[in-house]
Amino acid sequence: MQVNDSLWRAIEDFSLDYPLSEYSFSIRLSYENGWPANFTQKAITEYKKFMYLAATSDAMVSPSEIIDVVWHQHLIFTQSYDAFCQVLGKKIEHIPSSRKRDEFEKFKLAKERTTKLYLDCFGEPPAEVWHYSEIYEALAMPKAKFKVSEVALYIILACLGLIIPAFFMLEPIYKQIEGSFFLGIYIPVVLLMFFVLFLINEMQFKKAVLGWQKDAFIFNLSPFELLYLKTKQVYSIIHACVNMMIEQNKIIVSGEYTLGLNPGSQAKNAAQFAIIDAMDSEEKIPYYQLLQKLRGKPVFLNAESMAVALKKYFNKSDFFVRLFTLNFSFLSVAFFLGCMRLVTGIMNGRPVGFLVFSLIAFIIGIVFFLKWLHNLHANAILNYYNERVLPDHPEVNDWAWRYY
């Protein structure tokens with residue numbers, strides 16, 4: 001089927017974000033689904049291609065699951081959808097599947113027809129939108145059978161159950177070891193264990209990143225999303241946007257930590273719209289007040305929602321749970337051996353002050369280590385970008401990367 005160029009250009013030029021607002025179509029689509037900005041725009045483009053096929057085909061066509069998400073949201077934006085259908089030249093009805101057996105063949109044929117029409121008109125469809133049921137499927141990290149909290153509980157219960165037999169096994173040995181000698185061995189071994197586990201975790205996450213499908217969304221994150229992964233702060237994104245607008249002379253620094261809006265400034269995107277809207281009623285506004293106004297805006301929260309969804313996916317994956325089990329097992333055994341030394345020391349009247357201090361420090365170290373482990377996916381992604389993407393990225397000199 002030959003592409004109708006004039007129709008496709010009209011569809012391609014149709015903005016689903018018109019009129020521009022702080023919670024426009026793409027912002028809402030990204031925010032509610034935890035999608036990255038670039039993936040959201042690609043999904044919208046593929047939705048337009050699908051709607052072109054629906055408008056020009058005489059038979060039924062069927063969207064992918066991701067495109068169906070975009071379609072469902074567009075239906076909610078009734079004025080935009082009606083205007084879009086006018087561009088298409090006909091009203092495209094959304095017909096959901098009832099999952100009945102007699103409809104299975106009809107929707108199967110529709111999917112096959114859609115694939116053929118797409119190939120004829122646009123070439124090979126992008127797998128991340130058409131072949132996967134959700135965005136994380138390209139990472140190929142199946143969900144674990146157990147939660148991290150369950151694994152931790154099982155290991156703790158196992159240690160508690162071994163207290164009595166371990167005491168009788170270790171007491172004769174501990175009696176023969178001086179406290180200073182024990183600490184002289186115990187502390188270096190614990191520190192070495194932390195270092196070895198650190199290296200193992202770094203290596204495992206690096207291998208995991210390299211094993212992901214190259215069409216995965218994770219390899220096409222925006223500068224603001226990378227900035228959030230690096231700083232874990234929404235304010236860092238706001239700082240970057242405000243600084244950009246100062247550089248573009250849309251915002252004037254009118255005093256110490258005080259900003260003013262340059263008359264006639266026009267927003268080019270949703271982030272700038274939110275900033276201009278927050279400043280519009282204020283002749284001059286202290287920067288800290290502007291930050292408070294902008295902190296809850298969806299356009300700035302999108303990077304956070306994407307990062308939170310990504311962290312949940314990682315922490316529930318079989319890969320992470322296995323790695324957590326390895327780490328927590330070694331840490332628990334080492335702490336258990338120290339606790340058994342403490343018990344035998346108390347029962348035999350030995351001084352245990354330094355050991356108590358060491359075990360408290362060990363607990364603090366375990367807490368910070370596990371917190372680092374839960375965020376290691378972000379570090380692995382940032383390292384990948386630093387090593388393989390940013391050096392050759394066409395936008396590396398753009399303003400946004402400076403704040404990264």
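At what angle do helix α12 and helix α13 pack, and how far apart are their axes?

Modeller: This is a predicted model, in which local features need pLDDT of at least 70 and side-chain atom pairs count only at pLDDT 80 or more, while totals for chains, interfaces and linings use all residues. Residues are numbered from 1 along each chain as its sequence is written, and side-chain values use heavy atoms, without hydrogens and water.

Helix α12 (residues 234-247) packs on helix α13 (residues 270-280) at about 80 degrees, and their axes are 10 Å apart. Helices (H or I, at least four residues) and strands (E, at least two) are DSSP runs numbered from the N terminus; axes are lines fitted to C-alpha atoms, for helices over the stretch in contact, with angles from 0 to 180 degrees between N-to-C directions. The two helices are therefore roughly perpendicular, a term for angles of 65 to 115 degrees. On α12 the contact (heavy atoms within 4.5 Å) uses C241, V242, M244 and M245, and on α13 it uses A271, Q272, I275 and I276. Seven of these residues are nonpolar, one is polar and none is charged; Ala, Val, Leu, Ile, Met, Phe, Trp, Tyr, Cys and Pro count as nonpolar, Asp, Glu, Lys and Arg as charged, and the others, Gly among them, as polar.

α12 also lies across β1 and β2, at about 95 degrees to β1. These strands belong to an open, antiparallel sheet of three, ordered β1-β2-β3, where pairing requires at least two DSSP bridges between two strands. β1 and β2 (residues 258-261) pair over four antiparallel bridges, and G255 has T258 of β2 as its bridge partner.

Definitions and conventions. Angles under 35 degrees count as roughly parallel, over 145 as roughly antiparallel, 65 to 115 as roughly perpendicular and the rest as oblique.
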